[in-house]
Amino acid sequence: MKEMIGTGIEELHARLNKEAEESGYHLNPDANHAKDLVRGLLVNEKRYGYRACPCRLATGDEAEDLDIVGPCDYRDQDVEEYGACYCGLYVSESVIESEKSVAPIPERRKPPEERKRREQIPATISPLPLPVWRCRVCGYLCARDGPPGVCPICKAKKERFERFI
Amino acid sequence: MTMMYIEGEDKGKIVLYALSTCVWCKKTKKLLTELSVDFHYVYVDLLEEGEIEKVLDEMKHHNPVCSFPTLVIDDKTCIVGYNEGMREALGK
């Protein structure tokens, strides 16, 4: 398992970096830090079946952990407020420019008791001709019958969308 | 539950709750090792399901959010996250 993950680290790091740069995000320029996290993402993918945040305890139930599947729902707010996300994989433009190293930040995710399982979107009567879907990861909005398969901005999967209007 | 043990200078009962994949946990463990203090640690993500619940219940007393790393000194002082403040807490 270690070897398989070993070969995948560079590849996934390069892919995440490309995707991040294409959509206005940045990976931590400290490559050791970033690759350590990429290794964690691969370990989690292997054991849980999804890339849960390496710095949070996953349950093994993807529906339960959807908010912490990288990139997590908290990334944008944390990068905005602290210059880096919780694990430090993504950083802000100013961190890149200042060449500052990232520091740990407080956990924004609520404890389990306060976290409710994602509820099914209720069928509401809307005056709009189409429902509006919101990407929980980056906030992208689109009006169409259903959410797109992949967010065109941040590449989050369909499951990360919520009905917004 | 089996805790791993790192031998060093006795600075009280030091327990580190960590995740095997977490970089901040890794840095914390490294700092404790560099400070050469005696400590126990556990990778909660590597435990059996039933054990995880038990450890989280234990952690909750100190850090209700149960985030990692959580460092508990003498069952009373709790340091959440990788924090240089732990040097001071350990009198280093």
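Predicted model: local features only at pLDDT ≥ 70, side-chain atom pairs only at ≥ 80, totals over all residues.
Two strands are taken as paired if DSSP finds at least two bridges between them.

In chain A, 3 strands form an open sheet in the order β4-β3-β5, and their pairing is antiparallel. Strands β4 (141-143) and β5 (161-163) of chain A lie at the edges, each pairing on one side only. From one strand to the next, the twist averages 30°. Strand β3 of chain A covers residues 132-135 and is joined to β5(A) by 3 bridges, the two strands running antiparallel. Within this sheet, C135(A) stands opposite F161(A), a residue of β5(A). The loop between β4 and β5 of chain A contains K155(A). The phi angle of K155(A) is near 70°, which is a positive value in a residue other than glycine.

Chain B also contains an open sheet, here with 5 strands in the order β1-β3-β2-β4-β5 and with mixed pairing. Its edges are formed by β1 (4-6) and β5 (77-80) of chain B; each has a single partner strand, so one side of each is left without a neighbour in the sheet. Neighbouring strands of this sheet are turned against each other by 20° on average, direction ignored. In general, the strands of a sheet pair through backbone hydrogen bonds, either parallel or antiparallel. Both senses can be followed at strand β3 of chain B. Strand β2 (residues 14-18) of chain B pairs with strand β3 (residues 39-43) of chain B in the parallel sense, over 4 bridges. Here Y17(B) is placed opposite V42(B) of β3(B). By contrast, β1(B) and β3(B) run antiparallel and are joined by 3 bridges. Y5(B) has H40(B) as its bridge partner in β3(B).

Two cis peptide bonds may be described next. In chain A, the peptide bond from G70(A) to P71(A) is cis, with omega near -10°. P71(A) belongs to the loop between α3 (62-65) and α4 (75-82) of chain A. In chain B, F68(B) and P69(B) are joined by a cis peptide bond with omega of about -5°. P69(B) is in the loop between α2 (49-60) and β4 (70-73) of chain B.

The size of an interface is often given as the accessible area lost when the parts come together. Between them, chain A and chain B bury about 1400 Å², and 63% of this area is on carbon and sulfur atoms. Within the area that chain A buries against chain B, 35% is supplied by R47(A), L57(A) and P104(A), more than by any other three residues. The contact involves 22 residues from chain A and 19 residues from chain B.

Polar and charged pairs also occur across the interface. The rule finds 6 residue pairs in polar contact between chain A and chain B, with both residues at pLDDT 80 or more. On the side of chain A that touches chain B, the residues divide into 12 nonpolar, 4 polar and 6 charged. The interface of chain A and chain B has 2 salt bridges. D36(A) forms a salt bridge with K26(B), in which the closest N and O atoms are 2.7 Å apart.

Helix α2 (residues 31-48) of chain A and helix α1 (residues 23-34) of chain B have axes that come within 10 Å and cross at roughly 115°. From α2(A), the contact is made by H33(A), D36(A) and L37(A), and from α1(B) by V23(B), W24(B), K26(B) and K27(B). These residues divide into 3 nonpolar, 1 polar and 3 charged.

Over all chains, the count comes to 21 salt bridges. One of the salt bridges is formed by E10(A) with K35(A), where the closest N and O atoms are 3.1 Å apart. This pair links distant parts of the chain, with E10(A) in helix α1 (residues 2-22) of chain A and K35(A) in helix α2 of chain A, 25 residues apart.

Note on methods:
Residues numbered from 1 in each chain as written. Chains lettered and ligands numbered in written order. Heavy atoms only, no water. Axes fitted to C-alpha atoms, helices over the stretch in contact; angles between N-to-C directions. Contact = heavy atoms within 4.5 Å. Buried area = accessible area lost by both parts, 1.4 Å probe. Salt bridge = Lys/Arg side-chain N within 4 Å of Asp/Glu carboxyl O. Polar contact = N/O pair within 3.5 Å; in protein donor to acceptor, adjacent residues only side chain to side chain. Nonpolar A, V, L, I, M, F, W, Y, C, P; charged D, E, K, R; others polar.
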